[in-house]
Amino acid sequence: MNEIRKVVIVGGGTSGWMTAAALSKVLKGRYELTLVESDEISTIGVGEATIPMIALFNKMLELDENEFVRETQASFKLGIEFVNWGRLGDRYIHGFGVIGQDNWTVDFHQYWLKQYLAGKAHELDRYSINTSACLQNKFMRPRADMPNSPLSQIAYAFHFDAALYAKFLRKYSEARGVVRVEGRIVEVEQREDGNVASLTLQSGQKVEGDFFVDCSGFRALLIEGALKTGYDDWSHWLPCDRALAVPCASVKEITPFTRSTARTAGWQWRIPLQHRIGNGHVYCSRYISDDEATAVLLSNLDGAPLADPRPIRFTTGRRKKTWNKNVVAIGLASGFLEPLESTSIHLVQMGIAHLLTFFPAAGFAQEDIDQYNRVMGQEFEWVRDFIILHYKATERRDTPFWNYCREMEVPESLQHRMDLFRTHGRVYREGNELFTKVSWLQVMHGQRIRPQAYHPLTDLLTEQEIQAYLEEVEGVISACVDVMPSHAQFIAENCAATRPG
Ligand SMILES: Cc1cc2nc3c(=O)[nH]c(=O)nc-3n(C[C@H](O)[C@H](O)[C@H](O)COP(=O)(O)OP(=O)(O)OC[C@H]3O[C@@H](n4cnc5c(N)ncnc54)[C@H](O)[C@@H]3O)c2cc1C
């Protein structure tokens, strides 16, 4: 057990600078922190939509949220709209936060389900403050001073410019002592026991360290290049393997939600920022050519493209171990799940949070490393199942891609959840897993999985009582959304970017 003194972060993309910012804030100058990045090797540059957990990261860094929004040309996000996923023409929103108001006996959605199956309740949108606000382009932060109002339950995340985010965090990290070294790493030297000892840059400069965080993106320079850790390939469940990303001009009011539109062999994202809209087409090269995928993307933009589409290739899956010897991989170096539910930056955040929990200050212990790998493996699997659900729960039969997805076998853990929902509409959340019961509910219902029956305990209330309960929730939410400002107005009044994009 040798004490750790010098930590080297490899890579200056979102994950590299998020790691640098967090370590410099939490470790308070006790360790030497160096970040190596190459100006010649560009960052992935996409990664613009997030989920509400990012608020915890910002809080830990003690960021001024309005400043962060201004500096990254960000907008607010209340959920994701899914178009054409269940069937062509379908549309639903996966809103963050809660739905309805839980009763002590059974979940709110069970009362809703009873009435819905009888044709007496509206779609879920009306019972969620987040989704109702999305549909009217409204936004405000939650009102902590009104604990009994749905206005206190607004849950939000951000859309931001990933390059500006990295720049913002670089400034933050350097102010807290992180030393940035620019240069291309051409060699990774290992000790006899396989641990990484140092990196050699093209200039000949050597960077030594006790502990390395591999944030080198898909290259996975240390965790795979040097340590040959291996990769679990999940592309039989998530067959998309390419993406094209292109920004376009903003021509309409910015929506407080991401849009994901299913196409013939994949899906297209739309992420509204203050200065532009981020777009991308994620697709499966087995079913569509690059030229066709480009044409689909370019013919479905709100405004004029601001650059040529940038191609990206990937294999969905995760590294067999995200911590191997004295190297922890965070970000794309640790694995990749497509950004359908905007979870990659969240997985970066969890990689950092768990790293801090198991930080090897006094030297490496295999027990800590094993536990880190176990918890990170679980984080990836939870997200994996939720993303596969979107593909599996489709009724589309219009292309071979959707036929494959509809018919594929899915992990047992996911099959079990779908079966459980199909019988009595039951959903559950295991341990600290990321997605809540209402997340599962919204996607399963939004993609047309219909339970055969509702929870029998809802019969303890009369139908009139249930109907009054639903109507009251709907009325209160509607009144709350009425008083919210528009998303554009909220940004203009609180955090409009001061510089042009
Ligand atoms: C198509 C697509 C869409 C995405 N959308 C989202 C989204 O909406 N939401 C979300 O949360 N996530 C999204 N992601 C994921 C997100 O982009 C990444 O998780 C995030 O940007 C982290 O990337 P990274 O920092 O690990 O890697 P990168 O950005 O690739 O950075 C790698 C760094 O390593 C450095 N480097 C590499 N090799 C060397 C070398 N030899 N010497 C020196 N330096 C080197 C590079 O210079 C660079 O600084 C998306 C990803 C893809 C592919």
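Modeller: Two strands count as paired when DSSP finds at least two bridges between them, strands being DSSP runs of E with at least two residues and helices runs of H or I with at least four, numbered from the N terminus. This is a predicted model, in which local features need pLDDT of at least 70 and side-chain atom pairs count only at pLDDT 80 or more, while totals for chains, interfaces and linings use all residues. Residues are numbered from 1 along each chain as its sequence is written, and side-chain values use heavy atoms, with hydrogens and water left out.

Biologist: How do you know that β4 and β14 pair?

Modeller: Strand β4 (residues 79-83) and strand β14 (residues 257-263) are joined in the parallel sense by five bridges, and the definition asks for at least two, so they pair. Phe82 has Ser260 in β14 as its bridge partner.

Biologist: Why do β5 and β17 stand at the edges of the sheet?

Modeller: The open sheet has seven strands in the order β5-β4-β14-β15-β16-β13-β17, with mixed pairing. β5 (91-95) and β17 (310-313) each have a single partner strand, so one side of each lacks a neighbour in the sheet.

Biologist: What makes strand β9 mostly covered?

Modeller: Five of the six residues of β9 (residues 196-201) are buried, meaning under 20% relative accessible area, with exposed over 50% and partly exposed in between (1.4 Å probe, protein chains only).

Biologist: Which residues stand opposite Ser198?

Modeller: Glu189 stands opposite Ser198 in β9, and Ser198 also stands opposite Glu208 in β10. Five bridges join β9 to β8 (residues 185-190) in the antiparallel sense, and three join β9 to β10 (residues 206-208), also antiparallel.
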